[in-house]
Amino acid sequence: NLNNFNTSNIVYMDHLFYGCNANNDILTKVDNLIDEHPDSALYLLDYVNPLGLSSRQRAKYALLYTKAQYKNYIDAPNDSLISIAVDYYETHGSNEEKFYAYLYHGCILYELADYDKASQAFFLAVSCADEIDDYFHLGHLYNNMSYLMLEKHCSDEAETYARLSYQNYIKAEKEDYAISALVTLASSKSSNSQRDSCQIFAEDALSRARLVKDT
């Protein structure tokens, strides 16, 4: 989708694309690009013909396309695409592949306001998380779980997951996301009528945000 392509990366991406001779090469390159350049990743994915992919490639394509759309703030109409990855990885995938499939399945279901199924997907991701050292995505998982608990008015659980999110974002050295986790912590305290604690976390988030802006 050219509307979502960062034109500053055109020269770089043209060089990259013409070096790809197979769908598998494109998927590998997309995997390497997607976290830092999701717009460019989505641009590349639009050149893949899903009908020419193997079952494993289709699962990877479904996960990467879902992830690219999510990172480009494109709403998914349903969870049919990410379900392809979930169904395949549940039988044939590693714990790492299952983790990402469940995580993004939960993210899509959360956006669709299907909170019960989103909760199931997130807990499945947690069950695969022991061997995961991707602290950024662990932070993202727990932050989404905290949001979900707030939707369900479960303030204590929301606080627990917000703390886990904050810890993982700090390990990932993602200060801006850690600030977001502090805001979620403040929200959980507010929901639990702990106004003093809420103010402490909110002020901490604000002061950190000012430091990030200054740097």
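Me: Which helices each supply at least two residues of the lining of the largest pocket?
Reply: In this predicted model, they are helix H4 (55–71), helix H6 (95–111), helix H8 (135–151) and helix H10 (175–191).

Me: Which helix gives the largest share of that lining?
Reply: H8 does, with 6 residues of the lining of the largest pocket.

Me: How much space is in the largest pocket?
Reply: The largest pocket holds about 550 Å³ of space. It is lined by 23 residues, and Tyr 70, Lys 71, Phe 136, His 140 and Tyr 177 are the closest to its centre.

Me: How do the residues of that lining divide into nonpolar, polar and charged?
Reply: The lining of the largest pocket has 10 nonpolar, 6 polar and 7 charged residues.

Me: What about the second largest pocket, what volume does it have?
Reply: Its volume is about 290 Å³. There are 15 residues lining the second largest pocket, and those nearest its centre are Asp 31, Leu 63, Leu 64, Glu 96 and Tyr 100.

Me: Changing topic: at what angle do H9 and H10 pack?
Reply: Helix H9 (residues 155–171) packs against H10 at an angle of about 165 degrees, and the two axes are 8 Å apart. H9 is therefore roughly antiparallel to H10, as angles over 145 degrees are classed that way.

Me: Is the crossing of H9 and H10 left-handed or right-handed?
Reply: The crossing of H9 and H10 is left-handed. Among the residues making the contact are Ala 158, Ala 162, Tyr 166 and Tyr 169 of H9, together with Tyr 177, Ala 181, Leu 185 and Ser 188 of H10. In total, the contact of H9 with H10 includes 10 nonpolar, 5 polar and 4 charged residues.

Me: And H2 with H3, at roughly what angle do their axes cross?
Reply: The axes of helix H2 (residues 23–33) and helix H3 (residues 38–45) cross at roughly 165 degrees and come within 9 Å. H2 is therefore roughly antiparallel to H3. The crossing of H2 and H3 is left-handed.

Me: Which residues of H2 and H3 meet?
Reply: Ile 26, Leu 27, Val 30 and Leu 33 of H2 meet Pro 38, Ala 41, Leu 44 and Leu 45 of H3. This contact of H2 with H3 has 8 nonpolar residues, with no polar and no charged ones.

Note on methods: Residues are numbered from 1 along each chain as its sequence is written. This is a predicted model: local features need pLDDT of at least 70, side-chain atom pairs count only at pLDDT 80 or more; totals for chains, interfaces and linings use all residues. Side-chain values use heavy atoms; hydrogens and water are left out. On a 1 Å grid over the protein atoms alone, a cavity is a set of points where a 1.4 Å probe fits but cannot get out, and a pocket is an open set with protein on both sides within 12 Å along at least five of seven lines; lining residues have an atom within 4 Å of a point. Grid points are joined across faces, edges and corners, and a volume is the space filled by probe spheres set on the points. Helices (H or I, at least four residues) and strands (E, at least two) are DSSP runs, numbered from the N terminus. Ala, Val, Leu, Ile, Met, Phe, Trp, Tyr, Cys and Pro count as nonpolar, Asp, Glu, Lys and Arg as charged, and the others, Gly among them, as polar. Axes are lines fitted to C-alpha atoms, for helices over the stretch in contact, and angles run from 0 to 180 degrees between N-to-C directions. Angles under 35 degrees count as roughly parallel, over 145 as roughly antiparallel, 65 to 115 as roughly perpendicular and the rest as oblique. A crossing is left-handed if the near helix is turned anticlockwise from the far one by less than a right angle, and right-handed if clockwise. Contact means heavy atoms within 4.5 Å.
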